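Dear colleague,

Here is the structure for your files. My notes on the rings follow below it.

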Amino acid sequence: METIPYALPFIEDEEIKEVVDTIQSNWLSKGPKTIQFEKAFSDYVHAKHAIGLNSCTAGLHIAQLAAGIGPGDEVITTPYTFVASANTIIHTGAKPVFVDIDPITMNIDVHQIEAKITERTKAIIPVHFAGYPCDMEPLMEIAKKHNLIVIEDAAHAVYTQYKGKMIGSIGDYTCFSFYATKNLATGEGGMVTTNNEEAADQLRVMSLHGMSKNAWNRYAERGSWYYEVEYPGFKYNMTDIQASFGIVQLKKLNKMQQIREKYAKMYNEAFQNLEGLITPYSDEINRHAWHLYVLRFESDRFTINRGEFIEKLNEKGIGTSVHFIPVPMHPYYKKLGYKIEDYPQALAAYEGAISLPLYPKMSEDQIHRVIKSVTELAETYKR
């Protein structure tokens, strides 16, 4: 029986041709294709500036540094996220402060944020879980009231809209991921968008060793050998090979999203009346990117647990994953004194999460096979 992988990138001839063109141009690192992709992406999300990087993690790191975050500061974020959201806070020397999630959207519970703000709080990092946007309006009001920086973790949120506004145009900084399985994939890669020109210049310097002039300026026809180091920066820049993928993927993003939306709707219609399984939240006000499709498994409705349900799906050739193991459950964060019991909604979400395959390379037959497998197991093992 053929296995349906949990996730696969959607790469076609156009991407291959663009990469070959880049290789033949001899510009392999940061150069004209990166600049082209940055401009196209900033236009797409309606931001004034976009800085191409090697990962979303790099973006989260230098956005915090650009915001002046450092030792002794506190940064508020969600415990229900990939560890990069919190790790980058640690990298700056600051302290992560977790706020539990809304049990419906799985995003940070905006109503609990103010209670966690102290005189040391410098920023909020909301995470748009699975591609559904956080409630940004009240969050931005809280940030303005307390003079806080908002750095959006939009690793899942390429294409996402909040009340008609593109994610990437709302917060002070927005960090995107173009990892191999993301909605827009460049293999590895990321982008930070901002409307602040000074901050954008600072990010560019930080991302390439702290040099005042990047390699494109130095080695282009009219470039100069001379450069100055303004900051002890990092090697975080995007390459033209990565940007080649991004240029093509961005052009067909809407087409790929239509497939994701179609498949998510098929899942929703199939699972919405199955007892013990809760479909992901979405609405007509905001645009969901459907990076992930996370079912909620209610263990008290079944004779097997979540882990066993996943194992039986795997036996049927259905690849799955779990998003996410909450940050306070990891050994490093336990050593720092964080306790998952302090975040009951994040714990409950994790204990019920089953991420199903959802990507444009899937066929409708594969979607129907996933639906059939989930439905059969839910009916077989219901109490």
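**Aromatic contacts**

Y80 is buried, with a relative accessible area of 1%; buried means under 20% (1.4 Å probe, protein chains only). This is a predicted model, in which local features need pLDDT of at least 70 and side-chain atom pairs pLDDT 80 or more, while totals for chains, interfaces and linings use all residues. Residues are numbered from 1 along each chain as its sequence is written, and side-chain values use heavy atoms, without hydrogens and water.

F324 is also buried, at 10% relative accessible area.

Across the whole structure there are 22 aromatic pairs, meaning rings of Phe, Tyr and Trp (its six-membered ring) with centres within 6.5 Å; planes under 30 degrees apart are stacked, over 60 edge-to-face and the rest tilted. F41 is in helix α2 (residues 32-45) and F178 in the loop between β8 (173-177) and β9 (190-194), 137 residues apart; helices (H or I, at least four residues) and strands (E, at least two) are DSSP runs, numbered from the N terminus. Both F41 and F178 are buried.

The ring centres of Y80 and F324 are 6.5 Å apart with planes at 80 degrees, so this pair is edge-to-face.

Ring pairs also join F98, Y332, Y333, Y338 and Y343 in a cluster.

R287 has its charged end 3.6 Å from the ring centre of Y159, and R306 lies over the face of Y350 at 5.1 Å.

Regards

How values were computed. Buried means under 20% relative accessible area, exposed over 50%, partly exposed in between (1.4 Å probe, protein chains only). A charge sits over a ring if NZ of Lys or CZ of Arg is within 6 Å of the ring centre and within 35 degrees of the ring normal.
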